[in-house]
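Please consider the structure shown below, beginning with the pairing of its strands and ending with its charged side chains.

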Amino acid sequence: LLAGCGSVPVSSLWKLRKLSLETLEPAALRAAVVHSPSLQLAPNGAVLTVAVSRQLRLANGAHTTERLEEKLPLQTLHSSADMRPLIEHESPQSTVHLWRIDPAALPQLQALRTRAMAWKGTDDGKRELTLGVELTGCQKRGSTRQAITTLMRFAEPGEYIPIVRNIDLAETMSAAELKQRFPVCGTAGALPAQQPG
């Protein structure tokens with residue numbers, strides 16, 4: 001769940017089993033990323049992709065997938081109250097970033113949910129919910145492996161559930177995409193480093 005795919009920790013799969021379009025609380029959703037200080041994330045550069053899909057049987061017996069998708073801008077949170085649940089992830093060797101869906105974008109998510117909830121005639125009655133966080137930024141010159149951990153909270157109150165843990169950015173995307181999304185800081189095309197809030 002980070003500009004690509006990664007393996008969800010086994011302990012998190014059980015906690016995620018009840019997550020659905022019906023139970024998701026858009027205003028309470030939080031996305032957090034833990035990374036090394038050598039990686040700089042762009043200010044206001046995070047986007048949450050929310051997609052809902054279902055399988056449909058065509059008249060000729062074949063199957064097709066219907067998909068609804070919205071890309072929602074994320075808003076950075078800095079307050080001590082917001083960051084307190086993530087304090088265990090803070091250290092001199094790590095930086096923690098936390099976001100919520102930009103309140104101005106919540107109507108887009110609500111509209112997607114309304115459309116998907118109105119779906120009729122799904123073959124097995126199931127809808128698949130997919131969430132993905134896309135990030136951009138830059139890497140300090142000379143840095144090597146960029147280990148990333150992503151966590152999400154889906155309700156208030158609720159715990160932060162690890163989605164991917166200690167995964168290398170290079171494992172989530174191609175070398176060309178990595179260079180485009182996270183060039184060396186200070187080079188042409190690199191985004192400005194985020195200032196501490």
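Strand S1 (residues 30-35) and strand S8 (residues 147-153) run antiparallel and are joined by 6 bridges. Within this pairing, Arg-30 has Arg-153 of S8 as its bridge partner. Strands are counted as paired if DSSP finds at least two bridges between them; the elements themselves are DSSP runs numbered from the N terminus, with helices (H or I) of at least four residues and strands (E) of at least two. In general, the strands of a sheet pair through backbone hydrogen bonds, either parallel or antiparallel.

The model is predicted: local features need pLDDT of at least 70 and side-chain atom pairs count only at pLDDT 80 or more, whereas totals for chains, interfaces and linings use all residues. Residues are numbered from 1 along each chain as its sequence is written, and side-chain values use heavy atoms, with hydrogens and water left out.

The S1-S8 pairing belongs to an open sheet of 7 strands, in the order S6-S3-S4-S5-S1-S8-S9, with antiparallel pairing. Strand S6 (128-134) and strand S9 (161-168) are the edge strands, each pairing on one side only. On average, neighbouring strands of this sheet are turned by 25 degrees against each other, direction ignored. Helix H3 (residues 106-117) packs on the sheet and touches strands S3 (47-57), S4 (63-76) and S5 (95-101), contact meaning heavy atoms within 4.5 Å. The direction of H3 makes about 160 degrees with that of S4; axes are lines fitted to C-alpha atoms, for helices over the stretch in contact, and angles run from 0 to 180 degrees between N-to-C directions.

Turning to the charged side chains, the structure holds 6 salt bridges, each defined by a side-chain nitrogen of Lys or Arg within 4 Å of a carboxyl oxygen of Asp or Glu. One of them links Lys-71 and Glu-134, with the closest N and O atoms 2.5 Å apart. Lys-71 lies in strand S4 and Glu-134 in strand S6, so this pair ties together parts that are 63 residues apart in sequence. Lys-71 is partly exposed, at 43% relative accessible area, and Glu-134 is also partly exposed, at 23%; buried means under 20%, exposed over 50%, and partly exposed in between (1.4 Å probe, protein chains only).

Glu-134 also meets Arg-181 in a salt bridge (3.7 Å, N to O). Because Arg-181 lies in helix H4 (residues 175-181) and Glu-134 in strand S6, the pair ties together parts that are 47 residues apart in sequence. Arg-181 counts as buried, at 17% relative accessibility. Salt bridges that share partners join Lys-71, Glu-134, Glu-177 and Arg-181 into one network.
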